[in-house]
Amino acid sequence: MHFVGVPLATLLQIGALAGSVVVVFYILKLRRRPVAVPFEKLWERILRDKEATSLFSQLKRFLSLLLQLALLALLLLALGDPRPAANILEGRNIIVLVDASASMKATDAAPSRIDAAKDEVKRMVRGLSGSDRMLIAQMDAAVTPLSTMTSEIPDLEAAVASIKATDASADFARALRFGADTLRGLSSPEIIVVSDGALGPAVDGAGPVELGDVRISYLPIGSRATNVAITGFSVRRYPLDKSRYEVMLEVTNTNEEPVDVELSLFGDGQLTDLSQIRLGPKERLPRFYPNLSGASKTLEAKIAYANGSRDDLPADDHAFALLPERRRARVQVVTTGNMFLEAALLLDEYLEVTSIDPSRYPAKGNFDVTIFDGVTPNVAPGSGSLLYLNPSGENVPFEVGKPVEDTDPNYRLGFDELDEKHPILRYTVLSDVNIGRARPLKGEKEDKVIGKSYKGPILIAGSRAGVKFVALGFDIRESDFPLRISWPLFLLNTINEFVEEDVQYISSFRTGTVWQIPASSAAATATLELPDGTKRDVPVKDGRAVFLGQQAGFYKLSTGPDETTTFAANLVDPAESVIKPATELVVGGRAAGPVGEFKVGVRREIWIYLLAAVLLVTAIEWLTYHRRVTV
């Protein structure tokens, strides 16, 4: 017999102390109260009878003492929770991984798959034997243990009640590694996966998951697989006309049959577009909406069956996007005069340009971007990101080579190699630009070479101490670059790259990933308001708030009373939208077995019977006391 509750040594100490107190109380003699009587002879006979029965009275008091000591012993044994050694060795240690990914929000199991899964886990909890122990963990983009390894039914039921489905896919490999590590060294280890089976292979960066001697069991949830989904949604403003924007959207039919659906687009809560489309079996259809206007902040997309019926997964029928803020960028231009530069900056009404002579640098105030045209002074605080045009001198964060001229009849000085996918070259054509004279630029290892001539790099980008820079290694007036439409596009693309995070389609984050949200670099923490209204404190590192997001919708990030940023997040995971339940689960080439036996009934634990014995002895004591047997 083993005590798994209070240790035996502690029980002996408590028993010795409490038993001594009980015995002392019984040894103490009762103090009789003197009473005057009128006739002594009348009481002599009663006293003689009392002396004759004194031995029996002492015996009754001794029986009462034994009853009290028996009650104390039973209570102490119950505290110790005694169990046979065989039960302790043979009890199962179980990890229950409950799938809380977006597909578990499907409504083919009433009211949803996640609720059906919680009901199944509750039955398992209530069917635990006295020697079994269980840990319940939620499995989504992370793995979250909701209880300790315990056999306490109330604790396990509370853990089950706290499970909530998210809008992310499940990291199955991470969850299995957590289960295997937790069960290492324990007897009869078992992992039970409660899921619809849409988990993908159990493989991560470390390779396939190996469970060893851990038993893997699978409890499938769900029955149907009717679903259409929005699997892509993003928006961006046009660089040269920020009052207009374009939307990229993708819809997917996961069914085996064609369907007719209605696709709705909302701007700031108002319907801006409604179209009906037909999707073939398993078809993914991209939709592009150019030259839209009217919305100023938020966009939402909704998809529904044209006949009014509903699919089984509403979580992917709705997507969100945030239009980039149309704010004026403060630009400081340090130049002795450059008509081509000043004219290009007039094309964007959302630029607030301040031009100053190099001798008057810096201008008052803080700027988002500073353009150094042919000069390289020491960078003053508040200058923002930096654009160097024809840099020279020593106050530059890179090396500037000696001038090279276009004098070789066999080679033309220009852009021979271009990183055309870089954001600052969007919509530009620089391969045919002719340059009269240039200076090769040499940055550090982390810097990016965007444009290169046969004499070396002439367009580079990088950052120093968190400050971005772009450098163009020639005077635009010594080339035909400013005579081309690519010149203002290049200039405005560069400013957009400096001051905004939305030059490309990044108007929303993807759920289930760690987000790097732009925030004030002066703050150590930020307050993040989730779509459901709850608030979290998140850390800020190097000007980025770090958070693992698992809800779709609009978020608000605050680093101060006047510094609030809004952004959106979406599921947009085609694999998660395929909600067909899997009948079997394979891990490492081994098929998971059925869930073992869990019988709901009275748990056969000895302490329960000890407490019942305490109640029984107490009832006997009460009955004998009132029958005046023990008094």
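This is a predicted model: local features need pLDDT of at least 70, side-chain atom pairs count only at pLDDT 80 or more; totals for chains, interfaces and linings use all residues.
View 1. L17 is placed in helix α1 (residues 8-27), helices being DSSP runs of H or I with at least four residues and strands runs of E with at least two, numbered from the N terminus. With 62% relative accessibility, L17 counts as exposed (exposed is over 50%, buried under 20%, partly exposed in between; 1.4 Å probe, protein chains only). Residues are numbered from 1 along each chain as its sequence is written. Local features need pLDDT of at least 70 and side-chain atom pairs count only at pLDDT 80 or more, while totals for chains, interfaces and linings use all residues, and side-chain values use heavy atoms, with hydrogens and water left out.

**View 2. Helix α7 and its buried face.** The buried residues of α7 are F172, A173, A175, L176, G179, A180 and L183. Seen down the axis of α7, these buried residues fall within an arc of 165 degrees, so they line one face of the helix; the arc is that of the directions from the helix axis to the C-beta atoms. α7 is followed by G185, whose phi is positive, near 90 degrees.

View 3. V209, in the loop between β8 (207-208) and β9 (215-220), is buried, with a relative accessible area of 2%. Its C-alpha atom is separated by 6.4 Å from that of A173, 36 residues apart along the chain. Leaving aside neighbours within four places in sequence, V209 is in contact (heavy atoms within 4.5 Å) with A173, L176, R177, A202 and V587.

**View 4. The salt bridge between K105 and D167.** The closest N and O atoms of K105 and D167 are 2.7 Å apart in a salt bridge, defined as a side-chain nitrogen of Lys or Arg within 4 Å of a carboxyl oxygen of Asp or Glu. K105 lies in the loop between β3 (93-99) and α5 (113-126) and D167 in the loop between α6 (153-161) and α7, so the pair ties together parts that are 62 residues apart in sequence. K105 is partly exposed at 28% relative accessibility, whereas D167, at 10%, is buried.
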